[in-house]
Amino acid sequence: MGASFEKLKIFTCNANPELAKEITNYLGIPLGDSQVIRFSDGEVQVKINESVRGKDVFVIQPTSQPANESLMELLITIDAMRRASARRITAVLPYYGYARQDRKARSRDPITAKLVANLITTAGARRVLTMDLHAGQIQGFFDIPVDHLLAVPILAKYFMEKGLDGGNTVVVSPDLGGVTRSRELAGRLNTPLAIIDKRRPEPNVAEIMNIIGDINGKNVIMIDDIIDTAGTITLGAEALLEKGAKEVYACCSHPILSGPAIERLEKSPVKEVVVTNSILLPEEKLIPKIKVLSIAPLLGEAIRRIHDDLSVSSLFT
């Protein structure tokens, strides 16, 4: 597998230890020995139970729900690694929380995605490895190198194996902002593209307006970077079926699935919801409609290439 892994160490916090184990299994190395525990008042305490001096350290932690807890665990772990003389620390964020606060939409709004980038850098990270940022320009919020992975090839492979490609299928973007991602999936599946033009009167409330493109009699795949409360996906599916779609599938990189999401998906006409394991889903959210694909081989390969100073972008060409 290329260069020696003697200097490579992979550690995990508490947000998604299963993914970290899958990555270390893929690479054939043990998971680093550390603990992230709490004092009785809730403060985070990190214990690193092995030497990391001079090592190339990767800390795996999606900043998913509870976002603030996950973020503090990551920051304190990075700080501990830096003080323990790690040669280089890479923050591996399969899901980058606070990414939706990436600009000032109204007066006096914070730009929290930038604040989080500053915190990670200040803590001592020297690289970031992440996947499907809500907005690509967040890479520029960091003053350190960012490797940005895409889940689209994994999702495309799954739908191809199901026979959902070619002219009988249409990829649909649930809003104008997601057209680039949808075009990428449509290109890989060799399908046409359609767009849902929607108005959002207030946060977490989506209102479907119009469908641009021909979906009559076709199988439809809606793709988004995240599914949070599932309002957009369920309303979109209903509108697509009203316009003559045959079957509706949905997919996303990051299954946040908060609030009424599971109930909405269960009641919705969506046939299947395909997600990745960037965020660890508790047992009660793993309903039969949800199919989870692993990103461990993708992250493992990216970690190997970063460690060996090889190109990461060539993973997608």
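Predicted model: local features only at pLDDT ≥ 70, side-chain atom pairs only at ≥ 80, totals over all residues.
1. Helices (H or I, at least four residues) and strands (E, at least two) are DSSP runs, numbered from the N terminus.

2. 5 of the 5 residues of β6 (residues 127–131) are buried, so this strand is largely enclosed by the rest of the structure; buried means under 20% relative accessible area, with a 1.4 Å probe and protein chains only. R127, L129 and M131 point one way from β6, while V128 and T130 point the other way. In a regular strand the side chains alternate between the two faces of the sheet.

3. Strand β5 (residues 88–93) also pairs with β6 in the parallel sense, over 4 bridges, and T90 stands opposite R127 in β6.

4. Helix α2 (residues 67–83) and helix α3 (residues 112–123) pack at an angle of about 25°, with their axes 8 Å apart, the axes being lines fitted to C-alpha atoms over the stretch in contact and angles running from 0 to 180 degrees between N-to-C directions. The two helices are therefore roughly parallel to each other, a term for angles under 35 degrees. Contact (heavy atoms within 4.5 Å) involves residues including L71 and L74 of α2 and V116 and L119 of α3.

5. On the basis of the model, local features need pLDDT of at least 70, side-chain atom pairs count only at pLDDT 80 or more, and totals for chains, interfaces and linings use all residues. Residues are numbered from 1 along each chain as its sequence is written, and side-chain values use heavy atoms, with hydrogens and water left out.

Methods: Parallel < 35°, antiparallel > 145°, perpendicular 65-115°, else oblique. Buried < 20%, exposed > 50% of the residue type's maximum accessible area, 1.4 Å probe, protein only. Pairing = 2+ DSSP bridges.
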